[in-house]
Amino acid sequence: MLGGRWRGLHHRHAPTLWPWSGLQASGFAEKSAQDGGFAAFVVERPGRPGALAALVAGTVEYRIGKAGNPRGRVGHVFSVATDPDARGRGYARACMEELLGWFRARGAGHVLLNASPEAEPLYTSLGFTRDPDPSMRLLL
């Protein structure tokens, strides 16, 4: 797609489909094997097999159900990256659309992500809105 090749990562395939970095591949494979609620989609650089143009990764988390999300399933996008030389070609958008479809297929009631100012226009165009509740962090 879009001049690159799509790769959906699954725990049994990640080490052979992710030559970009063995360390990242094993970490993604381990996460996927833990609960099956993990997915990553990548576009390889056209003409450079094994080199990434873009990547997205996310998980489905389970929380107590409530109005608007009775199943309690929440999608969380935790990694989005595009090679600086491949920006502006629609690769991250295409990967995000695949991940959003994956979340929908698993019954996620909503999707959360943290957006950099540079990436916010992409997420807004996909329908994301700013969440009024600020995040908090505890470093351990």
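The following is a short exchange about a predicted model of one chain.

Trainee: What makes up the chain in terms of helices and strands?

Mentor: The chain has four helices and five strands. Along the sequence they follow the pattern β-α-α-β-β-β-α-β-α.

Trainee: Why is strand 2 called largely enclosed?

Mentor: A residue counts as buried when its relative accessible area is under 20%. Seven of the seven residues of strand 2, residues 38-44, are buried, so the strand is largely enclosed by the rest of the structure. Phe 38, Ala 40, Val 42 and Glu 44 point one way, Ala 39, Phe 41 and Val 43 the other way, and all are buried. For the chain of 140 residues, 38% count as buried.

Trainee: How do you know that strand 2 pairs with strand 3?

Mentor: Pairing requires at least two bridges between the strands. Seven bridges join strand 2 to strand 3, residues 52-62, and the two run antiparallel. Val 42 stands opposite Leu 55 in strand 3.

Trainee: Which residues touch the most other members of the largest nonpolar core?

Mentor: They are Met 96, Leu 99, Trp 102, Phe 103 and Tyr 123, in a core of 23 residues. Strand 2, strand 3, helix 3 and helix 4 each supply at least two residues of this core. Helix 3 gives the most, with eight residues. A second, separate core has six residues, including Phe 38, Val 42, Leu 52 and Leu 55.

Trainee: What does Phe 103 touch, leaving out residues up to four places away in sequence?

Mentor: Contact means heavy atoms within 4.5 Å. By that cut-off, Phe 103 touches Gly 58, Thr 59, Val 60, Gly 75, His 76, Val 77, Ala 108 and Val 111.

Technical notes. Residues numbered from 1 in each chain as written. Predicted model: local features only at pLDDT ≥ 70, side-chain atom pairs only at ≥ 80, totals over all residues. Heavy atoms only, no water. Buried < 20%, exposed > 50% of the residue type's maximum accessible area, 1.4 Å probe, protein only. Core = buried A, V, L, I, M, F, W, Y, C linked by side-chain atoms within 4.5 Å.
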